Amino acid sequence: MNRARGPVGYFVHHQGRGHAERAASIANELVHHRDIVLFCARTDIFPDLADGIELRELPSLFEPPCTNKPHEIAADLPETLHCAPLGWPSITNAIAEITGWFAKAKPALFITDVSAELGQLARIASVPHMAVLQHGDRSDAGHMAAYRGAAGLLAPYARELEQSDRPKWMREKTIYTPGVGIDCSRISSRDHARAKLGLDPQLELVVVIGGGGGTGLPSAPLTLGARAEPDSTWITLGKIQTEWHETAPANLRHLGWVDNVEDWISAADRLVSSCGNTTVHMIAAAARPWVIVPEWRYFAEQLRKAEALDAAGVAAMARQWPASGADWMKLWRAAEVIEPERQRALVRDNAAKSAATAINAMIERIWTTSQDSPALAKVAGA
């Protein structure tokens with residue numbers, strides 16, 4: 001079999017929808033070059049997929065089985081692994097399905113978004129691997145083993161947002177795809193969005209967006225910001241965490257989860273957000289004065305992303321929620337001088353197509369190299 005024409009396997013983490021959205025966008029372009037098989041523990045989180053893309057539901061690699069208590073069969077965990085408990089049939093079955101597909105399909109490439117363990121599995125199985133990068137403190141042995149063994153790395157963000165501590169060898173094999181998977185066509189003009197939402201064109205509107213992976217936006221700091229600006233209206237989207245001592249002002253409203261976040265982003269005069277990948281790129285496309293407050297995540301993912309946004313001069317960063325009206329005013333002064341074009345430059349309309357072209361070119365380079373050459377042995381683990 002000509003491995004250069006082989007299919008691409010693509011593992012997609014099922015937490016949230018961001019992984020699935022960018023995987024789908026890349027797959028929908030890459031399928032013009034070769035067949036694609038997506039592996040995920042959930043099949044309901046994907047947008048429309050093109051013909052030629054197969055979606056396979058895997059047993060979850062992350063939720064414990066109901067019949068086992070992992071702590072009862074504990075063992076030392078090697079430093080090159082993050083999540084490898086013993087005795088979970090779901091993991092055993094998922095690995096068997098993936099490696100069985102490796103043996104049968106003879107894939108040209110296996111992409112992971114994200115799993116350091118599956119990246120290492122592909123390398124051990126002699127299958128070229130590409131890892132999707134995330135921000136964070138990922139210099140540990142597990143991440144580095146996956147990155148070192150990868151044929152290439154894919155960054156779903158602009159080169160300008162790369163962390164300063166990423167080593168040269170990582171940067172050299174990274175494909176940067178700014179805003180891949182984010183449909184920025186949903187970002188409209190301020191006036192159009194306000195007409196759609198039925199908002200006064202003269203309203204001074206601050207929109208605050210929380211992520212889905214944490215405990216919720218703390219509303220106490222938001223009461224301070226809204227109270228300091230009684231002539232503005234503050235709207236929050238997402239979960240809210242309240243305190244008993246709050247006295248919310250009349251100009252602060254909590255809408256909870258909404259299906260039209262992009263309309264509120266477009267309608268806003270100013271924005272406050274956490275640092276999830278989708279939120280970051282949609283706000284960058286809207287280009288507004290922007291305050292970012294990172295949420296807690298493993299490996300300090302949002303903190304490092306916030307630092308990168310701050311260093312790039314596209315957002316005003318607060319390491320913790322402002323504790324007074326004066327703190328808010330200081331942040332807004334910093335946000336007001338941000339150049340909108342620097343924000344818009346963080347997103348590319350053709351990111352998915354560019355990613356697919358670059359991935360396919362990498363595959364061609366790998367498999368057109370002689371089977372006996374050191375280059376293929378280095379990449380594919382032959």
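Is Phe102 buried or exposed? Phe102 is buried, at a relative accessible area of 6%, where buried means under 20% relative accessible area, exposed over 50% and partly exposed in between, with a 1.4 Å probe and protein chains only. The views below come from a predicted model, in which local features need pLDDT of at least 70 and side-chain atom pairs count only at pLDDT 80 or more, while totals for chains, interfaces and linings use all residues. Residues are numbered from 1 along each chain as its sequence is written, and side-chain values use heavy atoms, with hydrogens and water left out.

**View 1. Phe39, Trp101, Phe102 and Phe110 form one aromatic cluster.**
A search of the whole structure finds 10 aromatic pairs. Trp101 and Phe102 make a tilted pair, with 6.1 Å from centre to centre and 50° between the planes. Rings of Phe, Tyr and Trp (its six-membered ring) pair if their centres lie within 6.5 Å; planes under 30 degrees apart count as stacked, over 60 as edge-to-face and the rest as tilted. Trp101 is buried, with a relative accessible area of 6%.

**View 2. Arginine side chains lie over the rings of Trp169 and Trp332.**
Arg148 lies over the face of Trp169, 3.9 Å from the ring centre. Over the ring of Trp332 sits the charged end of Arg270, at 4.5 Å from the centre. A charge sits over a ring if NZ of Lys or CZ of Arg is within 6 Å of the ring centre and within 35 degrees of the ring normal.

**View 3. Asp137, Arg304, Glu307 and Arg319 are linked in a network of salt bridges.**
A salt bridge is a side-chain nitrogen of Lys or Arg within 4 Å of a carboxyl oxygen of Asp or Glu, and the count by this rule is 20. The side chains of Glu307 and Arg304 meet at 2.9 Å, N to O. Both lie in helix H10 (residues 301-311), three residues apart, about one turn of the helix. Helices (H or I, at least four residues) and strands (E, at least two) are DSSP runs, numbered from the N terminus. An α-helix has 3.6 residues a turn, so residues three or four places apart point the same way. Glu307 is partly exposed, at 23% relative accessibility.

**View 4. Glu341 and Arg344 form a salt bridge within helix H12.**
The N to O distance is 2.4 Å. In H12 (residues 340-344), Glu341 and Arg344 are three residues apart, about one turn of the helix. Glu341 is exposed at 52% relative accessibility, and Arg344 is partly exposed at 37% relative accessible area.

**View 5. Glu54 and Arg56 meet in a salt bridge.**
Their side chains are 2.8 Å apart, N to O. Glu54 is partly exposed, with a relative accessible area of 37%; Arg56 is also partly exposed, at 24%.

**View 6. Helix H9 (residues 277-286) is mostly covered.**
Nine of the 10 residues of H9 are buried, among them Val280, His281, Met282 and Ile283. Just after H9, Ala287 takes a positive phi of about 60°.

**View 7. Cys40 and Cys184 are without a disulfide partner.**
A search of the whole structure finds zero disulfides, a disulfide being a pair of cysteine sulfur atoms within 2.5 Å. The sulfur of Cys40 is 15 Å from the closest cysteine sulfur, in Cys83, too far for a bond. For Cys184, the nearest cysteine sulfur is that of Cys275, 16 Å away. Cys40 is buried at 0% relative accessible area, and Cys184 is buried at 15% relative accessibility.
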